[in-house]
Amino acid sequence: MFCARRVFRCFKTLERWGDRITGAAGPYFVGLAVILISTGVVCFFDVIARDLSYPLISIPICILIATNLLAHYFYVCTVRPGFIDAPPAEAGKSILWAKGHADRGKGKGRIRRLTALGGSSGVEWSTELRITPASLTQCRRCGLQRPERTHHCKICNRCVLKYDHHCPVSLLILWINQCVGLHNERHFVLFMVYLVLATFCFSILGYPHLMDSLGLYYKPWVYNVPEIAFALTYVLAVVLCLAVGIMLLYHLYSISNGETAVEAQDHTEYRDRAKRRQEEFVNSYDLGRMKNLQLFFNIGENGYPLYTLFFPFRIMPYTDGRAWARREGYDKHHGVRAGEELTDEEEEEEEQ
Ligand SMILES: [Zn+2]
Ligand SMILES: [Zn+2]
């Protein structure tokens with residue numbers, strides 16, 4: 001795993017450099033990303049989709065992937081990550097919002113709001129989950145009281161619930177131009193999932209057409225998209241599939257450990273310190289790989305049905321960011337001594 005961590009770290013560093021270089025021009029890049037994704041979709045449906053076998057099944061599946069890709073990109077750019085000074089987010093009533101098991105009266109039907117108006121006591125969310133209120137600290141930059149897992153974003157200059165990272169640009173293509181946090185992290189990961197899926201299909205199914213577009217098969221080019229545009233889009237799709245695929249694995253690995261991107265770094269530090277004292281670091285948000293993934297996507301009992309992963313629905317996270325599900329027997333991380341917790345400033349220094 002050590003080697004994999006190094007590869008991920010290397011990619012993270014590349015990503016951060018990309019962020020810095022293109023950060024200032026964020027909004028323009030969002031526009032460019034929309035154009036590039038749309039070009040890919042047009043190339044696919046104009047060229048590749050025409051020759052697909054079993055079109056009655058394969059075309060609807062391709063349309064579903066493209067719809068999810070565009071919708072999650074739209075959501076991740078427009079859904080606010082959850083600022084600490086903004087009013088609590090509520091589920092919407094439109095058809096874009098999926099109904100949870102609790103809304104439909106299935107499951108245990110517990111109320112989803114965990115800490116009404118600042119809340120005090122922990123709420124038993126289900127028989128198998130123990131959710132306790134987050135401890136509060138004061139942000140040194142904006143002076144607000146904030147629950148654990150909140151971090152101050154230097155670029156947005158606000159405190160963000162379950163802050164993951166600020167994303168002007170990831171890998172020079174995923175232009176988000178805002179923070180990824182509690183309310184849009186699921187869209188961010190699903191966007192990457194559908195981008196990898198879409199570019200993978202493009203790379204595999206489009207290979208014979210690439211040869212056509214390069215004139216290698218001497219077959220006439222009968223499509224509306226120019227050959228050169230198709231060939232360039234194909235190359236971009238292959239590169240993205242590999243690059244975003246590695247980023248996606250890194251994110252899924254962190255999620256399955258019950259960590260955000262910031263916490264994955266902090267916990268490495270805590271783990272090393274605990275090890276030097278011959279102690280073991282235990283992440284109290286880690287409920288086991290399966291449960292961590294379920295909570296992140298908020299599916300399963302008391303959450304939303306599995307199909308919400310396959311359609312571009314909006315859903316609420318399992319928590320309001322002011323209470324967290326904890327591992328049995330742990331109210332806080334084990335192996336971190338008082339005063340050892342990394343602050344936003346130290347995290348930034350570490351990132352330099
Ligand atoms: Zn702050
Ligand atoms: Zn930000």
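User: Which residues of H6 meet H4 in this predicted model?

Analyst: In this predicted model, helix H4 covers residues 185-205 and helix H6 covers residues 227-256. From H4, the contact draws on Val189, Met192, Val193, Leu195, Val196, Thr199, Phe200, Phe202 and Ser203. Their partners in H6 are Tyr234, Ala237, Val238, Leu240, Cys241, Val244, Gly245, Met247, Leu248 and His251.

User: How many residues of the contact of H4 with H6 are nonpolar?

Analyst: The contact of H4 with H6 includes no charged residues. Four of its residues are polar, and the nonpolar ones number 15.

User: At what angle do the axes of H4 and H6 cross?

Analyst: H4 passes H6 in a left-handed crossing. Their axes come within 8 Å, and the crossing angle is roughly 145°.

User: Which residues of H4 make the contact with H3?

Analyst: H3 and H4 pack with their axes 8 Å apart, at an angle of about 145°, and H3 passes H4 in a left-handed crossing. H3 contributes Ile65, Ala66, Asn68, Leu69, His72, Tyr73, Tyr75 and Val76. The contact of H3 with H4 holds 13 nonpolar, three polar and no charged residues. On the H4 side, the residues are His187, Phe188, Leu190, Phe191, Tyr194, Leu195, Leu197 and Ala198.

User: Which element gives the most residues to the largest nonpolar core?

Analyst: The largest nonpolar core has 48 residues, and those with the most contacts inside it are Phe191, Met192, Tyr194, Leu195, Ala198 and Val244. Two or more residues come from each of helix H2 (26-48), helix H3 (55-78), S6, strand S8 (178-180), H4 and H6. With 12 residues, the element that gives the most is H4.

User: How many residues does the other core have?

Analyst: Another core lies apart from the largest one. Its members include Ile255, Phe296, Tyr304 and Tyr318, and its size is 16 residues.

User: What covers the buried residues of H8?

Analyst: Helix H8 spans residues 289-297, and its buried residues are Asn292, Leu295, Phe296 and Phe297. The elements that cover these buried residues include strand S9 (323-326), H4 and H6.

User: Is Asn298 buried or partly exposed?

Analyst: Asn298 follows H8 and sits in the loop between H8 and S9. Its phi is near 50°, a positive value in a residue other than glycine. Most residues other than glycine have a negative phi. Because 19 other C-beta atoms lie within 10 Å, Asn298 counts as partly exposed.

User: Why does Lys162 count as buried?

Analyst: Lys162 lies in the loop between strand S6 (158-160) and strand S7 (165-167). Phi of Lys162 is positive, near 40°. A residue is buried if 20 or more other C-beta atoms lie within 10 Å of its own. Lys162 therefore counts as buried, as its C-beta neighbours inside 10 Å number 25.

User: How far apart are the end C-alpha atoms of residues 228-250?

Analyst: The unreviewed UniProt entry annotates residues 21-48, 54-75, 188-208 and 228-250 as "transmembrane region". Over residues 54-75, the chain is 95% helix and 0% strand, with its end C-alpha atoms 32 Å apart. Over residues 228-250, the chain is 100% helix and 0% strand, and the end C-alpha atoms are separated by 33 Å.

User: What percentage of the residues in the protein are buried?

Analyst: The protein has nine helices and nine strands. Among contacts between residues at least 6 apart in sequence, 70% join residues at least 24 apart. Of the 352 residues in the protein, the buried ones make up 37%.

Key
Residues are numbered from 1 along each chain as its sequence is written. Chains are lettered from A and ligands numbered from 1 in the order in which they are written. This is a predicted model: local features need pLDDT of at least 70, side-chain atom pairs count only at pLDDT 80 or more; totals for chains, interfaces and linings use all residues. Axes are lines fitted to C-alpha atoms, for helices over the stretch in contact, and angles run from 0 to 180 degrees between N-to-C directions. Helices (H or I, at least four residues) and strands (E, at least two) are DSSP runs, numbered from the N terminus. A crossing is left-handed if the near helix is turned anticlockwise from the far one by less than a right angle, and right-handed if clockwise. Two residues are in contact if their C-beta atoms, placed from the backbone, lie within 7 Å. Ala, Val, Leu, Ile, Met, Phe, Trp, Tyr, Cys and Pro count as nonpolar, Asp, Glu, Lys and Arg as charged, and the others, Gly among them, as polar. UniProt positions are given in the numbering used here, feature names are shortened, and annotations may be inferred rather than shown by experiment. A residue is buried if 20 or more other C-beta atoms lie within 10 Å of its own, exposed if 12 or fewer, and partly exposed in between; C-beta atoms are placed from the backbone. A nonpolar core is a set of buried Ala, Val, Leu, Ile, Met, Phe, Trp, Tyr and Cys residues joined through C-beta atoms within 7 Å.
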